[in-house]
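Take a moment with the sequence and the structure, then read on for a tour of the gaps.

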Amino acid sequence: MKINQTILKEFILVGFSVYPHVETFLFVVFFCLYFLTLSGNLAIISLTWVDRCLHTPMYLFLSALSFSETCYTLTIIPKMLVDLLAKKRSISVIGCGLQMYFFLGLGGTHCIILTLMGYDRFLAICNPLRYPLLMTHMICRKLVASAWTAGFFISATEIALIFRGSFCSPNLVKHFFCHMRAIARLSCLDSEFTEFIVTVISVSGLMGTFLLIILTYVFILSTVLRIPSAEGKQKAFSTCASHLTVVFIHFGFASIVYLKPEASGGDDTLIAVPYTVITPFLSPLIFSLRNKDMKNAFRKVLGKTSSLYK
(Lines give C-alpha, C1' and ligand atoms only; values in the text may rest on other atoms or scores of the structure.)
Protein backbone atom coordinates (compact mmCIF):
# COMPACT_ATOMS: atom_id res chain seq x y z
CA MET A 1 0.00 0.00 0.00
CA LYS A 2 1.34 3.40 -0.95
CA ILE A 3 1.90 6.24 1.49
CA ASN A 4 0.74 9.86 1.10
CA GLN A 5 -2.84 8.85 0.35
CA THR A 6 -4.62 12.16 -0.28
CA ILE A 7 -7.72 13.00 -2.22
CA LEU A 8 -6.24 14.69 -5.29
CA LYS A 9 -8.34 17.26 -7.11
CA GLU A 10 -5.96 17.84 -9.99
CA PHE A 11 -2.93 16.49 -11.80
CA ILE A 12 0.08 18.43 -13.04
CA LEU A 13 1.02 17.51 -16.60
CA VAL A 14 4.81 17.69 -16.75
CA GLY A 15 4.82 17.22 -20.53
CA PHE A 16 7.40 19.29 -22.38
CA SER A 17 8.30 21.48 -19.39
CA VAL A 18 11.50 19.44 -19.11
CA TYR A 19 12.52 21.02 -22.44
CA PRO A 20 11.88 24.72 -21.64
CA HIS A 21 14.18 26.08 -24.36
CA VAL A 22 12.24 24.46 -27.23
CA GLU A 23 8.64 24.86 -26.02
CA THR A 24 7.91 27.85 -28.29
CA PHE A 25 9.41 26.03 -31.27
CA LEU A 26 7.35 22.90 -30.46
CA PHE A 27 4.22 25.05 -30.19
CA VAL A 28 4.74 26.43 -33.71
CA VAL A 29 5.50 22.99 -35.19
CA PHE A 30 2.59 21.22 -33.46
CA PHE A 31 0.17 24.06 -34.24
CA CYS A 32 1.03 23.90 -37.97
CA LEU A 33 0.72 20.10 -38.02
CA TYR A 34 -2.59 20.28 -36.15
CA PHE A 35 -3.97 22.92 -38.54
CA LEU A 36 -3.01 20.80 -41.55
CA THR A 37 -4.47 17.68 -39.89
CA LEU A 38 -7.81 19.40 -39.28
CA SER A 39 -7.84 20.87 -42.80
CA GLY A 40 -7.08 17.50 -44.39
CA ASN A 41 -9.70 15.57 -42.43
CA LEU A 42 -12.40 18.22 -42.87
CA ALA A 43 -11.63 18.32 -46.61
CA ILE A 44 -12.11 14.54 -46.87
CA ILE A 45 -15.40 14.69 -44.92
CA SER A 46 -16.68 17.63 -47.03
CA LEU A 47 -15.70 16.09 -50.38
CA THR A 48 -17.31 12.77 -49.46
CA TRP A 49 -20.48 14.62 -48.49
CA VAL A 50 -20.62 16.90 -51.56
CA ASP A 51 -19.51 14.60 -54.41
CA ARG A 52 -22.08 11.91 -55.21
CA CYS A 53 -19.39 9.84 -56.94
CA LEU A 54 -17.86 9.31 -53.48
CA HIS A 55 -21.09 7.98 -51.94
CA THR A 56 -19.71 4.44 -51.82
CA PRO A 57 -18.92 2.23 -48.80
CA MET A 58 -15.16 2.74 -49.20
CA TYR A 59 -15.46 6.52 -48.94
CA LEU A 60 -18.12 6.36 -46.24
CA PHE A 61 -15.64 4.42 -44.12
CA LEU A 62 -12.92 6.94 -45.02
CA SER A 63 -15.20 9.80 -43.99
CA ALA A 64 -15.98 8.03 -40.69
CA LEU A 65 -12.25 7.50 -40.14
CA SER A 66 -11.53 11.20 -40.76
CA PHE A 67 -14.32 12.23 -38.36
CA SER A 68 -13.05 9.94 -35.58
CA GLU A 69 -9.50 11.21 -36.17
CA THR A 70 -10.67 14.82 -35.96
CA CYS A 71 -12.37 14.14 -32.63
CA TYR A 72 -9.37 12.11 -31.47
CA THR A 73 -6.94 14.99 -31.99
CA LEU A 74 -9.37 17.47 -30.39
CA THR A 75 -9.18 15.57 -27.10
CA ILE A 76 -5.46 16.18 -26.54
CA ILE A 77 -3.73 18.56 -28.97
CA PRO A 78 -5.53 21.86 -28.07
CA LYS A 79 -4.76 21.25 -24.37
CA MET A 80 -1.17 20.37 -25.25
CA LEU A 81 -0.77 23.60 -27.25
CA VAL A 82 -2.12 25.70 -24.38
CA ASP A 83 0.20 23.97 -21.90
CA LEU A 84 3.24 24.66 -24.10
CA LEU A 85 2.69 28.41 -23.50
CA ALA A 86 1.25 28.26 -19.98
CA LYS A 87 3.08 28.22 -16.66
CA LYS A 88 0.41 26.18 -14.89
CA ARG A 89 -0.17 22.83 -16.58
CA SER A 90 -2.88 21.38 -14.37
CA ILE A 91 -5.97 19.34 -15.21
CA SER A 92 -8.74 18.31 -12.81
CA VAL A 93 -9.20 14.64 -11.95
CA ILE A 94 -12.63 14.72 -13.63
CA GLY A 95 -11.20 16.49 -16.68
CA CYS A 96 -8.41 13.94 -16.81
CA GLY A 97 -10.91 11.08 -16.70
CA LEU A 98 -12.98 12.62 -19.50
CA GLN A 99 -9.92 13.25 -21.65
CA MET A 100 -8.73 9.68 -21.16
CA TYR A 101 -12.21 8.28 -21.82
CA PHE A 102 -12.55 10.07 -25.18
CA PHE A 103 -8.92 9.49 -26.15
CA LEU A 104 -9.13 5.72 -25.55
CA GLY A 105 -12.64 5.47 -27.00
CA LEU A 106 -11.77 7.32 -30.18
CA GLY A 107 -8.46 5.46 -30.48
CA GLY A 108 -10.29 2.13 -30.25
CA THR A 109 -12.92 3.33 -32.72
CA HIS A 110 -10.15 4.37 -35.11
CA CYS A 111 -8.56 0.90 -35.01
CA ILE A 112 -11.90 -0.82 -35.62
CA ILE A 113 -12.78 1.45 -38.57
CA LEU A 114 -9.39 0.69 -40.12
CA THR A 115 -10.28 -3.00 -39.74
CA LEU A 116 -13.68 -2.41 -41.38
CA MET A 117 -11.97 -0.67 -44.29
CA GLY A 118 -9.82 -3.78 -44.77
CA TYR A 119 -12.96 -5.94 -44.64
CA ASP A 120 -14.60 -3.69 -47.23
CA ARG A 121 -11.62 -4.12 -49.60
CA PHE A 122 -11.74 -7.89 -48.98
CA LEU A 123 -15.39 -8.08 -50.05
CA ALA A 124 -14.85 -5.80 -53.06
CA ILE A 125 -11.89 -7.80 -54.40
CA CYS A 126 -12.68 -11.35 -53.28
CA ASN A 127 -16.48 -11.23 -53.73
CA PRO A 128 -17.10 -8.55 -56.40
CA LEU A 129 -20.43 -9.97 -57.60
CA ARG A 130 -21.95 -10.12 -54.12
CA TYR A 131 -20.29 -6.92 -52.89
CA PRO A 132 -23.28 -4.59 -53.62
CA LEU A 133 -25.50 -6.89 -51.51
CA LEU A 134 -23.00 -7.51 -48.71
CA MET A 135 -21.93 -3.87 -48.24
CA THR A 136 -24.93 -1.58 -48.58
CA HIS A 137 -25.04 1.94 -47.15
CA MET A 138 -27.23 0.73 -44.28
CA ILE A 139 -24.81 -2.07 -43.38
CA CYS A 140 -21.97 0.42 -43.65
CA ARG A 141 -23.63 2.76 -41.14
CA LYS A 142 -24.36 -0.10 -38.74
CA LEU A 143 -20.74 -1.25 -38.87
CA VAL A 144 -19.49 2.27 -38.12
CA ALA A 145 -21.96 2.58 -35.23
CA SER A 146 -20.74 -0.78 -33.90
CA ALA A 147 -17.14 0.48 -34.10
CA TRP A 148 -18.01 3.52 -31.97
CA THR A 149 -19.93 1.37 -29.47
CA ALA A 150 -17.13 -1.17 -29.11
CA GLY A 151 -14.43 1.51 -28.86
CA PHE A 152 -16.17 3.40 -26.06
CA PHE A 153 -17.19 0.21 -24.23
CA ILE A 154 -13.53 -0.83 -23.99
CA SER A 155 -12.62 2.72 -22.95
CA ALA A 156 -15.27 2.72 -20.18
CA THR A 157 -13.88 -0.58 -18.87
CA GLU A 158 -10.35 0.81 -18.67
CA ILE A 159 -11.51 4.07 -17.06
CA ALA A 160 -13.46 2.12 -14.41
CA LEU A 161 -10.32 0.15 -13.54
CA ILE A 162 -8.04 3.19 -13.34
CA PHE A 163 -10.41 5.53 -11.48
CA ARG A 164 -11.93 2.97 -9.10
CA GLY A 165 -9.87 4.29 -6.17
CA SER A 166 -8.10 7.45 -5.01
CA PHE A 167 -4.71 8.69 -6.17
CA CYS A 168 -1.54 9.23 -4.17
CA SER A 169 0.81 12.20 -4.08
CA PRO A 170 2.79 13.47 -5.83
CA ASN A 171 0.27 14.38 -8.51
CA LEU A 172 2.87 14.79 -11.26
CA VAL A 173 1.96 13.10 -14.57
CA LYS A 174 5.06 12.59 -16.70
CA HIS A 175 3.20 13.15 -19.94
CA PHE A 176 1.53 15.93 -21.97
CA PHE A 177 -1.93 14.35 -21.62
CA CYS A 178 -3.68 11.89 -19.32
CA HIS A 179 -2.10 8.72 -20.62
CA MET A 180 -3.63 5.66 -18.95
CA ARG A 181 -0.33 4.10 -17.83
CA ALA A 182 0.95 7.38 -16.38
CA ILE A 183 -2.28 7.87 -14.39
CA ALA A 184 -2.51 4.21 -13.33
CA ARG A 185 0.92 4.53 -11.67
CA LEU A 186 -0.50 7.18 -9.31
CA SER A 187 -3.30 4.93 -8.03
CA CYS A 188 -3.28 4.30 -4.27
CA LEU A 189 -4.44 0.75 -4.96
CA ASP A 190 -2.22 -1.87 -6.57
CA SER A 191 -0.98 0.44 -9.35
CA GLU A 192 1.24 -2.19 -11.01
CA PHE A 193 -1.65 -4.63 -11.32
CA THR A 194 -3.98 -1.90 -12.67
CA GLU A 195 -1.36 -0.76 -15.18
CA PHE A 196 -0.81 -4.36 -16.28
CA ILE A 197 -4.54 -5.05 -16.81
CA VAL A 198 -5.29 -1.88 -18.78
CA THR A 199 -2.16 -2.40 -20.88
CA VAL A 200 -3.22 -5.99 -21.65
CA ILE A 201 -6.69 -4.75 -22.70
CA SER A 202 -5.23 -2.06 -24.99
CA VAL A 203 -2.57 -4.32 -26.50
CA SER A 204 -5.15 -7.09 -27.09
CA GLY A 205 -7.41 -4.65 -28.94
CA LEU A 206 -4.50 -3.22 -30.88
CA MET A 207 -3.01 -6.57 -31.91
CA GLY A 208 -6.42 -8.17 -32.50
CA THR A 209 -7.53 -5.52 -35.02
CA PHE A 210 -4.08 -5.50 -36.68
CA LEU A 211 -4.07 -9.29 -37.11
CA LEU A 212 -7.59 -9.17 -38.60
CA ILE A 213 -6.41 -6.59 -41.14
CA ILE A 214 -3.38 -8.73 -42.03
CA LEU A 215 -5.66 -11.76 -42.42
CA THR A 216 -7.94 -9.89 -44.84
CA TYR A 217 -4.93 -8.86 -46.91
CA VAL A 218 -3.69 -12.44 -47.05
CA PHE A 219 -6.99 -13.37 -48.74
CA ILE A 220 -6.84 -10.25 -50.93
CA LEU A 221 -3.29 -11.06 -52.05
CA SER A 222 -4.20 -14.64 -52.91
CA THR A 223 -7.13 -13.38 -55.01
CA VAL A 224 -5.15 -10.64 -56.76
CA LEU A 225 -2.37 -13.03 -57.73
CA ARG A 226 -4.95 -15.13 -59.60
CA ILE A 227 -5.99 -12.16 -61.77
CA PRO A 228 -4.56 -12.89 -65.25
CA SER A 229 -3.94 -9.32 -66.47
CA ALA A 230 -1.23 -7.05 -65.06
CA GLU A 231 -3.61 -4.10 -65.36
CA GLY A 232 -6.21 -5.87 -63.21
CA LYS A 233 -3.63 -6.64 -60.55
CA GLN A 234 -2.42 -3.06 -60.49
CA LYS A 235 -5.97 -1.70 -60.20
CA ALA A 236 -6.74 -4.07 -57.30
CA PHE A 237 -3.53 -3.16 -55.47
CA SER A 238 -4.04 0.58 -56.03
CA THR A 239 -7.34 0.51 -54.10
CA CYS A 240 -5.54 -0.98 -51.08
CA ALA A 241 -2.22 0.90 -51.13
CA SER A 242 -3.34 3.97 -49.16
CA HIS A 243 -5.18 1.94 -46.53
CA LEU A 244 -2.29 -0.46 -46.04
CA THR A 245 0.19 2.42 -45.72
CA VAL A 246 -1.91 4.12 -43.02
CA VAL A 247 -2.38 0.79 -41.21
CA PHE A 248 1.36 0.18 -40.90
CA ILE A 249 2.03 3.77 -39.79
CA HIS A 250 -0.82 3.80 -37.26
CA PHE A 251 -0.19 0.39 -35.71
CA GLY A 252 3.57 0.78 -35.95
CA PHE A 253 3.66 3.96 -33.86
CA ALA A 254 0.94 2.64 -31.50
CA SER A 255 2.90 -0.53 -30.83
CA ILE A 256 5.94 1.53 -29.82
CA VAL A 257 3.81 3.32 -27.22
CA TYR A 258 1.97 0.31 -25.79
CA LEU A 259 4.51 -2.47 -26.22
CA LYS A 260 7.48 -0.55 -24.85
CA PRO A 261 8.82 -2.39 -21.76
CA GLU A 262 8.90 -0.32 -18.57
CA ALA A 263 12.57 -1.11 -17.99
CA SER A 264 13.62 0.07 -21.46
CA GLY A 265 13.67 3.72 -20.39
CA GLY A 266 13.10 6.58 -22.79
CA ASP A 267 10.91 9.66 -22.52
CA ASP A 268 7.24 8.60 -22.79
CA THR A 269 6.33 12.17 -23.80
CA LEU A 270 8.55 12.13 -26.90
CA ILE A 271 7.63 8.52 -27.74
CA ALA A 272 3.91 9.44 -27.82
CA VAL A 273 4.35 12.37 -30.25
CA PRO A 274 4.44 10.26 -33.46
CA TYR A 275 1.27 8.39 -32.40
CA THR A 276 -0.72 11.46 -31.32
CA VAL A 277 0.54 14.17 -33.69
CA ILE A 278 2.41 12.72 -36.68
CA THR A 279 0.08 9.81 -37.53
CA PRO A 280 -3.13 11.94 -37.64
CA PHE A 281 -1.24 14.41 -39.88
CA LEU A 282 -0.05 11.73 -42.33
CA SER A 283 -3.34 9.83 -42.57
CA PRO A 284 -5.45 12.39 -44.55
CA LEU A 285 -2.37 13.28 -46.59
CA ILE A 286 -1.89 9.67 -47.73
CA PHE A 287 -5.58 9.05 -48.41
CA SER A 288 -5.97 12.24 -50.47
CA LEU A 289 -2.70 12.34 -52.42
CA ARG A 290 -2.79 8.67 -53.41
CA ASN A 291 -6.46 8.65 -54.39
CA LYS A 292 -7.57 9.63 -57.90
CA ASP A 293 -11.28 9.88 -57.00
CA MET A 294 -10.53 12.23 -54.10
CA LYS A 295 -8.29 14.43 -56.27
CA ASN A 296 -10.95 14.53 -59.02
CA ALA A 297 -13.59 15.54 -56.47
CA PHE A 298 -11.31 18.30 -55.22
CA ARG A 299 -10.79 19.58 -58.79
CA LYS A 300 -14.58 19.63 -59.34
CA VAL A 301 -15.09 21.72 -56.20
CA LEU A 302 -12.33 24.12 -57.24
CA GLY A 303 -13.87 24.36 -60.72
CA LYS A 304 -17.31 25.17 -59.34
CA THR A 305 -15.86 27.67 -56.88
CA SER A 306 -13.83 29.49 -59.54
CA SER A 307 -16.84 29.64 -61.90
CA LEU A 308 -18.87 31.40 -59.20
CA TYR A 309 -16.37 34.25 -59.08
CA LYS A 310 -16.28 34.75 -62.86
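A cavity, here, is a set of grid points where a 1.4 Å probe fits but cannot get out, while a pocket is an open set. Volume means the space filled by probe spheres set on those points. Keep in mind that this is a predicted model.

With that in hand, how many cavities of 30 Å³ or more are there? The count comes to 2.

| Space | Volume | Lining by residue class |
|---|---|---|
| Largest cavity | about 100 Å³ | 4 nonpolar, 2 polar, 6 charged |
| Second largest cavity | about 50 Å³ | 6 nonpolar, 1 polar, 2 charged |
| Largest pocket | about 610 Å³ | 10 nonpolar, 6 polar, 6 charged |

**The largest cavity**

Let's start with the largest cavity, which has 12 residues in its lining. If you want to find its centre, look for H175, H179, V257, K260 and D268, the lining residues that lie nearest to it. Two elements, α7 (180–184) and α10 (268–289), each give two or more residues to this lining. The largest share is from α10, with 3 residues.

**The second largest cavity**

Next comes the second largest cavity, with about 50 Å³ of space. Its lining takes in L13, V14, G15 and F16, along with M80, D83, L84, R89 and F176.

**The largest pocket**

Now for the open space. The largest pocket holds about 610 Å³, and 22 residues line it. Nearest its centre you'll find M58, Y59, S238, T239 and N291. Several elements give two or more residues each: α2 (57–74), α4 (93–126), α9 (230–258), α10 and α11 (292–308). Of these, α9 provides the largest share, 6 residues.

**A closer look at α2**

One of the elements lining that pocket, α2, is worth a stop of its own. Helix α2 has 18 residues and reaches 26 Å from its first C-alpha to its last, close to the 26 Å expected at 1.5 Å a residue. Is α2 mostly covered or mostly open? Mostly covered: 15 of its 18 residues are buried.

How values were computed. Residues are numbered from 1 along each chain as its sequence is written. This is a predicted model: local features need pLDDT of at least 70, side-chain atom pairs count only at pLDDT 80 or more; totals for chains, interfaces and linings use all residues. Side-chain values use heavy atoms; hydrogens and water are left out. On a 1 Å grid over the protein atoms alone, a cavity is a set of points where a 1.4 Å probe fits but cannot get out, and a pocket is an open set with protein on both sides within 12 Å along at least five of seven lines; lining residues have an atom within 4 Å of a point. Helices (H or I, at least four residues) and strands (E, at least two) are DSSP runs, numbered from the N terminus. Ala, Val, Leu, Ile, Met, Phe, Trp, Tyr, Cys and Pro count as nonpolar, Asp, Glu, Lys and Arg as charged, and the others, Gly among them, as polar. The expected span of a helix is 1.5 Å times one less than its number of residues. Buried means under 20% relative accessible area, exposed over 50%, partly exposed in between (1.4 Å probe, protein chains only).
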